[in-house]
Amino acid sequence: MSNYQVDITIIGSGPGGYRAAVLAALRGQKVAIIESATWGGTCLNRGCVPKKDWHETAKWIEQSRHFAKRGVIGTDLKGDMAQAWEHQHQVVESVRNSYVDYLKRLGVQLLEGTGSFVDARHISVDGPTGSSQIQTRYTIIATGSTPALPEGIQTIPGKVLTSDMLYDDGAPAGKRVILIGGGVIGTEFAYIFDQLDKDVQWLVNSASLAHTQFSPQAKDTLKAALNALDIKAVEHFRVARIAEDDQGVTVFAEDGQSVQGDWVLLATGRKAFTQGLGLENTAVELDEKGFVQADEHLETAEPGIFALGDVVGPIMNANQALSDAQIIIHNLLSEEKLERNPAWVPELVYSAVELARIGLDDDTAEDQGYEPAVGFAAFETSPRALGQDDTAGFVRLLADMDSGELLGGEIIGRDAGELIHLLANSGDRQEALRRIAEIRVNHPSRAEELVNATETLAARWGLEEQIFGSAESSD
Ligand SMILES: Cc1cc2nc3c(=O)[nH]c(=O)nc-3n(C[C@H](O)[C@H](O)[C@H](O)COP(=O)(O)OP(=O)(O)OC[C@H]3O[C@@H](n4cnc5c(N)ncnc54)[C@H](O)[C@@H]3O)c2cc1C
Ligand SMILES: NC(=O)c1ccc[n+]([C@@H]2O[C@H](COP(=O)([O-])OP(=O)(O)OC[C@H]3O[C@@H](n4cnc5c(N)ncnc54)[C@H](O)[C@@H]3O)[C@@H](O)[C@H]2O)c1
């Protein structure tokens, strides 16, 4: 058995664990990271990275409908899911190799196996090539999440899959796909599968993205874009049972309706993963949903043990895991203590339109005593968007009517996932509108619509002074 003595041990190598390892190593810490499955976690191997690779392909296919009118002549193009799977697989492998290489170059000790607490300062690692034990000062639990299945539903390889199985094992051959869930994965895959030439039957028990903070306007824009491609959800379908037969699969709803297809993708949520961690040997506590309980600094009930990302929840996205990693490492190595503030971490959905949001939504802003004013600019008239044949969407900024403080923002449309950084990095929010209004823009660009949205806040809500500064009298 090998023994290691380190400053920080990280259990799990998803975006949160990886980022924590890099930041700690860069700041001179002796770091060990443990991974029981594939280096890079959900996001790299079966989440954000392969999904965005497919989203890009889907966009290309959709945009090929504009080729002829733009003077690009050729035969009718369509998607091929098997080849798309190979493409994402190569991208993922290449990113994984560079991640592992970077960790090694930084001197991080990479250990393959299941990490389990022996006590609060000792962790055992049981892996394919043997066992080891680590003595550690601090530990970060970064074990992520796993798909949650509706009660009574089980997966069947090649027939009833989760997104983890889809990316690990490949896509089944059949064209008729039943997609279950109106959450983020369901909304993203309804579009991707459709463009990859699948006949999608999309079953949801509540409207798409109902549980998110996106505005009704954002959801309507998404719905219109999906409808334009003839992608429509079957609503009020609560799945109760799935039966396999010679024709494929039949999905039954609680009210008795049924739908047939070749295979099913379950996108019915994810749950925190803490199995095999040996938390009973520590004072770490779980909440009633199984999330690791942590304070605003992400420290658990056991001093010196921290947790981040999906295993802490309730928000499950890579952006939150990355932000958590930054907070934990900063707090461990600095006097200043940062607090987790999920509202100011961007939230994205990649579907027939890209949806990005950050900060407060209208209701939360009102609940917190603000008087929200809305600044709005549509991409409909943007020269850049017109030139791209992609005019769906808008910028919507929320500001306090009295102080002009930026409360939140939404960017809907192409490149929203990049543009949102202009709001994510807007520093002091009292000054944010002015900073946005003063951006030295590249013309024509989509970012100009952010500037235009601040101008509507000035014109319609009397926020000229907060946005342009006080006008000096020339008398
Ligand atoms: C289909 C899909 C698409 C997504 N798309 C996006 C997106 O576009 N943008 C976005 O921001 N988010 C996206 N997400 C969410 C994102 O993938 C997760 O929020 C993110 O991966 C969470 O990171 P994490 O570091 O908390 O954990 P994870 O990435 O889940 O990594 C945890 C790792 O810990 C390992 N582990 C668990 N237990 C142990 C143990 N005891 N010992 C050792 N290792 C262990 C696991 O094997 C895993 O590799 C997507 C998710 C899915 C499923
Ligand atoms: N772009 C991103 O940041 C991104 C992308 C993908 C996934 N994720 C995260 O991964 C997690 C998992 O995504 P998800 O879409 O599976 O979960 P989700 O929680 O977003 O949505 C689950 C959906 O399944 C539905 N559902 C549950 N049981 C059902 C049943 N019996 N019949 C019909 N519908 C049922 C729910 O009503 C809900 O609409 C989420 O937390 C999500 O935020 C993030």
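A residue counts as buried if 20 or more other C-beta atoms, placed from the backbone, lie within 10 Å of its own. By that count, 45% of the 475 residues of the protein are buried. The model is predicted: local features need pLDDT of at least 70, side-chain atom pairs count only at pLDDT 80 or more, and totals for chains, interfaces and linings use all residues. Residues are numbered from 1 along each chain as its sequence is written, with chains lettered from A and ligands numbered from 1 in the order written.

**Overall fold**
- The protein has 16 helices and 22 strands, taken as DSSP runs (H or I, at least four residues; E, at least two).
- Its radius of gyration, 24 Å, is close to the 23 Å of the globule rule for 475 residues, so the protein is as compact as a globular protein of that length. The radius is taken over C-alpha atoms; the rule is 2.2 Å times the number of residues to the power 0.38.

**Ligand 1**
- The shell holds 39 residues, with Gly12, Gly14, Gly41, Gly144 and Gly309 closest. Shell residues have their C-beta atom, placed from the backbone, within 6 Å of the ligand.
- Elements giving two or more residues include helix H1 (15-26), strand S2 (31-35) and helix H9 (318-333).

Technical notes
Buried ≥ 20, exposed ≤ 12 C-beta atoms within 10 Å, placed from the backbone.
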